[in-house]
Amino acid sequence: MSHKIIYSKFTSILAIACAATTPIFGAPDIASSTTPKVLSEWLDLHESMVEDAKARADEIQIVLLGDSITRRWTAGSGRALREERYDPYGCLNLGISADRIEHVIWRLEDGVLDPVSPKMVMLMIGTNNLHANSAEEIAYGVWKIVDILRTEHPDTRVLVQGIFPRSKPAGSMEKIQAINEYLSQLDDGEMVRYTYFGDKFLKQDGSLNTTWFTDGLHPEKPEAFQIWADSVQPFVDAWLTAAPVQMPPPAAPVATPGKLKVVTPQARKDWEYKVQRFVAQTERSKGYLLFLGDTTLSRLNTIKDGLYDSEYQKYDPVFGAIWGNRTENILWQIEQVPQDNIAPKLIVIQMQENLVSGGGTTPEQVAEGVKAIVDELAKRYPDTRFLLESTLPLRNGKATSYMIEYNQRLQSIAEAMPQADYLDLVEVFQDRPANEIPVFSRPTKEAYQAWVEAQRPFIQAVFEGQLTAMPIRLN
């Protein structure tokens, strides 16, 4: 593959997840999640969880989030107790075996919790990162998960559970203790609490009780889950009835790990799976309306209450906005689609990943990338019209200098093309409440509604045949 599409390592995924506030970081290869299992079984399980969250969105009050240890509440000795303690309140178990911190971040960014508004999330993650990451990196990663949860679900409380003890490899207990000391600093006394009860699984000599943890890592006996459930029950009892308190996400317990180096962010191989799904869409739909974009636009069709379907299904659309997309990813993406699969009348393009995820790209280069996308599509579909959309503003309703420059260049591209138009989203949101875009790449449902309404006049004009030879200007 010649398009520089490489699996992102742990710390670069962390940086992509917080790209609005920090630069992109990378580290040496620390994982092997490019195996077929991760690309098939793992993604299948994730997608089933996404569908479960959508189907039961209104009833889910408790979310369990983690790795194989958490998974055992569903596929292990904790199942009966989970059904007794948590299922009556609506419980969603998002534990996946072998998950590391970067997997959980990816799943959250992919929108697994977007449809739901839980009262509490019980989080335990990090044990699978012990062999390859420092205590500081792991603590930073757990904080990033908490930051995402508290930012995207401000009414949801988060219970950070200290990493369980384990018997191997040697030195694990000391490292776990150091990590848990960092994690305890996330406790704000209200919306984020820290708890640790791992010492209840130890023998008197301080070693792990192998009666309950038969493989030295996982709780295997119902008695272990009874201890676990009893330890967190006070939080469950209090939080299911407590009103939320408006508080900001906690500060990171450690600085961004200093040994990391700046790298060009690339797509995970999971991105290839999403491209395959996109191509499959083009085989089922005429794609009279085609959306192309990155993380921000990708959330449009996951909004609760079906905003995307109600607004666009009548146009037989194809949705090609994918998490993490850069202009080079989109070029590769559209090359995978046989030309006669779709017959777009209108192509909507909104990009900002290159501008927020580093990699040394300038506004001019990003605009050139979008122009290359438009040129390629115009060659394929010469009768198609384009709607080129600016970046979103920051939370204060304004744009940075590089965003302004990019938007100006994008507008110039549209003005030079008879079949293109430009939508200024900064202008759309300048007089709207700042909290509609609390984080740059994560608009609220209300923001997406305003975005859809701003698109509507142009889309209607295209499909109702009201456009003249000269494009309509919306701004």
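**View 1. The loop that holds A98.** A98 sits in the loop between β2 (91-95) and α5 (101-109). Helices (H or I, at least four residues) and strands (E, at least two) are DSSP runs, numbered from the N terminus. This is a predicted model: local features need pLDDT of at least 70, side-chain atom pairs count only at pLDDT 80 or more, and totals for chains, interfaces and linings use all residues. Residues are numbered from 1 along each chain as its sequence is written, and side-chain values use heavy atoms, with hydrogens and water left out. A98 is not glycine, yet its phi is positive, near 75°. A98 counts as partly exposed because its relative accessibility is 42% (buried is under 20% relative accessible area, exposed over 50%, partly exposed in between; 1.4 Å probe, protein chains only).

**View 2. The loop that holds D316.** D316 lies in the loop between α11 (307-312) and β7. Its phi is near 50°, a positive value in a residue other than glycine. With 28% relative accessibility, D316 counts as partly exposed.

**View 3. An open sheet of five strands.** The strand order is β7-β6-β8-β9-β10, with parallel pairing. Two strands pair if DSSP finds at least two bridges between them. β7 (318-321) and β10 (420-423) are the edge strands, each pairing on one side only. β6 (residues 289-293) pairs with β7 in the parallel sense over four bridges. L290 has V318 in β7 as its bridge partner.

**View 4. Helix α15 on the sheet.** Helix α15 (residues 401-415) lies across β9 and β10 (contact means heavy atoms within 4.5 Å). It runs at about 155° to β10 (axes are lines fitted to C-alpha atoms, for helices over the stretch in contact; angles run from 0 to 180 degrees between N-to-C directions).
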